[in-house]
Amino acid sequence: FNIIYFVFLPSQIIKTKIDFDYFFLVFKFFLITTIIVGYVDYVLARLEIIDLVARHIRDGVGIAGRFHGLSGEPRQAAVNIVFNFSMYILYCKYFNTKPKIWILFLLILSMLLTTSASLFFGVIFFCILLIFFRIIKLSYIIILSLIIVLMSNTPYIQIYLSQIKGAWQILESGEDMFYYLRLIRGELFPLYDLIKKIQNYEFIPVIFGNGLGSASAINNQYIGEYIGIANPNSQLVRILFEAGVLGTAVFIVSMVHPIYYFTRNTDKKTINLYVITMLMVLGVTFAIRSSVIFIYLGIITSLLRYYK
């Protein structure tokens, strides 16, 4: 479904200059709208005037004090903000204009205001991916280090980090989990099981994976009762457990290789720019599963095919 509708279909719909002009203008309209609505909602909620935008339309649950805009939960907002950031870079590249500092600033600030632990780990994954693809610059190191330090000092993320430190002991002893560990038990159990397999020299499932649906199955097994589909929220944990190290590597390469293919006759600076935008989306998608990685792959490959 994701591959057909989000990767292949855009290349059949968005082909000409008129198509891309219209697409990017509509994108900018929605980008500005989401920024304005998001900040108005955040300010009004912080001032305790009104929680303008609920978490979901159907439940009316508010999220006062954390930026989320029109994206629902803050963790999903973080993914969508990074997606919008990468899309805005494509917009500027397409129209050959310099990115507006105020838009970049508001997007980066809104990321931080989500105080999302998923974004925190997504930034770490992004750093690892940059190293893996050997795209390292001093300016990147300074900016990303600053973001990680700022986020790690927020109370919400500090609570997560403090409880994660004792997660192994709790898993080994079978003690009841703290509240925040229960929220991420869907990630903890598959990782714990993989580590136990490594300790027992069971390398085949670690390298090649345990098969589709196995992450949900192992979560149900460790929880001790059937709770239905219990897939990890982290896409990286799910792929790593179900497809192994090899499958995870293939997935990463499959997201980036099309960019290298379509830009093989382009200068290195432009290639790196496109790859970085993809790695940003990939990093946050690893932290919290989302279809935006496939949407972005479809859009950027359609654009690069048009250039070709």
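**Close-ups of a predicted model**

**View 1. Helix α7 and its two sides.** P155 and K165 of α7 are exposed. This is a predicted model, and here we're looking at residues 155–165, the stretch that makes up α7. On the other side from that exposed pair you'll find the buried residues of the helix, I157, Y160 and Q163. They share one side of α7 because they span an arc of only 130 degrees around its axis. What sits over them? The cover for these buried residues includes α5 (117–132), α6 (138–152), α8 (167–173) and α9 (179–183).

**View 2. The largest nonpolar core.** This core counts 71 residues, and L90, M255, M278, L279 and L282 have the most contacts inside it. The largest share, 13 residues, comes from α3.

**View 3. Zooming in on L90.** Skip the neighbours within four places in sequence, and L90 is in contact with F24, Y274, Y296, I299, I300 and L303.

View 4. I198, Y201, F203, I204, I207, F208, L246 and V250 together make a nonpolar surface patch of about 840 Å². Both α11 (203–208) and α13 put in at least two residues, with α11 giving the largest share, four residues. Take F203, which is found in α11: at a relative accessible area of 41%, F203 counts as partly exposed.

How values were computed
Residues numbered from 1 in each chain as written. Predicted model: local features only at pLDDT ≥ 70, side-chain atom pairs only at ≥ 80, totals over all residues. Heavy atoms only, no water. Buried < 20%, exposed > 50% of the residue type's maximum accessible area, 1.4 Å probe, protein only. Arc of directions from axis to C-beta. Contact = heavy atoms within 4.5 Å. Core = buried A, V, L, I, M, F, W, Y, C linked by side-chain atoms within 4.5 Å. Patch = residues over 30% accessible without salt bridge, like charges linked within 9 Å, V, L, I, M, F, W, Y side chains within 5 Å. Areas by Shrake-Rupley, 256 points an atom, 1.4 Å probe, with all protein chains shown as cover. Salt bridge = Lys/Arg side-chain N within 4 Å of Asp/Glu carboxyl O.
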